[in-house]
Amino acid sequence: MKKIERAKKLVWDHHQVFQCPVCQHAFSKLSGNSLVCEQGHTIDFNRHGYLHFLNTQGTTEYDREMFLSRRKLLNAGLFRPIVEQVNEIIPEDPQTILDVGTGEGTPLVQLASFRNNKDFYVGFDISKPGITLATQLDVDAFFCIADLRHLPFADHSFDTILELFSPSDYREFNRVLKDNGTLIKVIPNAGYLLELRHLLYGDHNQHYDYDNSKVLKLFKKHYPNASVVRVRYQFELPSSLVTDMIKMTPMSWGKDVHQPTKTELENLNSVTVDVSLLVAKKEKSKI
Ligand SMILES: [Zn+2]
């Protein structure tokens, strides 16, 4: 089946999960390559098979090159233990899962490989290069471009929301999450990519150290009963991926970044991955 046909079928089979980004009504029919809402607004599937729910082009600094570097690292297993831990937390029965800020989609594909195949996966991002790459993946997931602050999804439509190193909008998450649904937010800890940060920044730079306490505090304010699962390991960095490692992270974009020498790059053979998984259940009273 062609990509666009596969995407249309997947979305229509689960069309109650989506809502019109213009009027927030349900989609009532599929007409040609367009989803049509109850008020007659249309959204077209493009040739890559995704839906573009934004009225304007989103701005993001993440470009195609960065996503390709990121994909190489993820395929080499950089985040695999994190995804394994996420899988441990998600209930076993079939889930409707939303991946927030999915990027080029590899973590969602890895998650799907651990699960039964009865889930429905939706990954969204504001980045067009990211979503275009994600739709090339061989996985039964639907990818779209959408705005975190105005999710094109119906109230109470997801069992699980997963969010890896992305910004959050807790009001929207609570709206689209089912009662008793699970929210898993992965945030970096102080040790995250420590070797890289110390290589790129001097100790006078604000990025030399990283502190997640503000993010953690805000999450606990929204979800006082949240639990925190820490995952920490060393990732052996193959020499062929050192340049991609530097390219995939926003750390290398800022001003005052040290340009590593050849020897420094050769010595970068392992990085620390140190994250916290913030896990919350949506309580019935929330919305
Ligand atoms: Zn509409």
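Residue numbers start from 1 along each chain as its sequence is written. Because the model is predicted, local features need pLDDT of at least 70 and side-chain atom pairs count only at pLDDT 80 or more, while totals for chains, interfaces and linings use all residues.

Helices (H or I, at least four residues) and strands (E, at least two) are DSSP runs numbered from the N terminus. Two strands pair if DSSP finds at least two bridges between them.

An open sheet of three strands has antiparallel pairing and the order 1-2-3. Strand 1 and strand 3 (42-44) are its edges, each with a single partner strand, so one side of each has no neighbour in the sheet. Strand 1 and strand 2 form a hairpin with two residues between them, and glycine 32 in the turn has a positive phi of about 60 degrees.

Eight strands form another open sheet, with mixed pairing and the order 4-7-6-5-8-9-11-10. Its edge strands, strand 4 (51-52) and strand 10 (227-236), each pair on one side only.

| Strand pair | Sense | Bridges | Bridge partners |
|---|---|---|---|
| Strand 2, strand 3 | antiparallel | three bridges | leucine 35, isoleucine 43 |
| Strand 6 (120-125), strand 7 (141-145) | parallel | five bridges | tyrosine 121, alanine 141 |

In helix 4 (residues 106-114), the buried residues include Thr106, Leu108 and Leu111; buried means that 20 or more other C-beta atoms, placed from the backbone, lie within 10 Å of the residue's own. The buried residues of helix 4 pack against elements including helix 2 (64-75), helix 3 (80-89) and strand 5 (96-100).

Note on methods
Buried ≥ 20, exposed ≤ 12 C-beta atoms within 10 Å, placed from the backbone. Contact = placed C-beta atoms within 7 Å.
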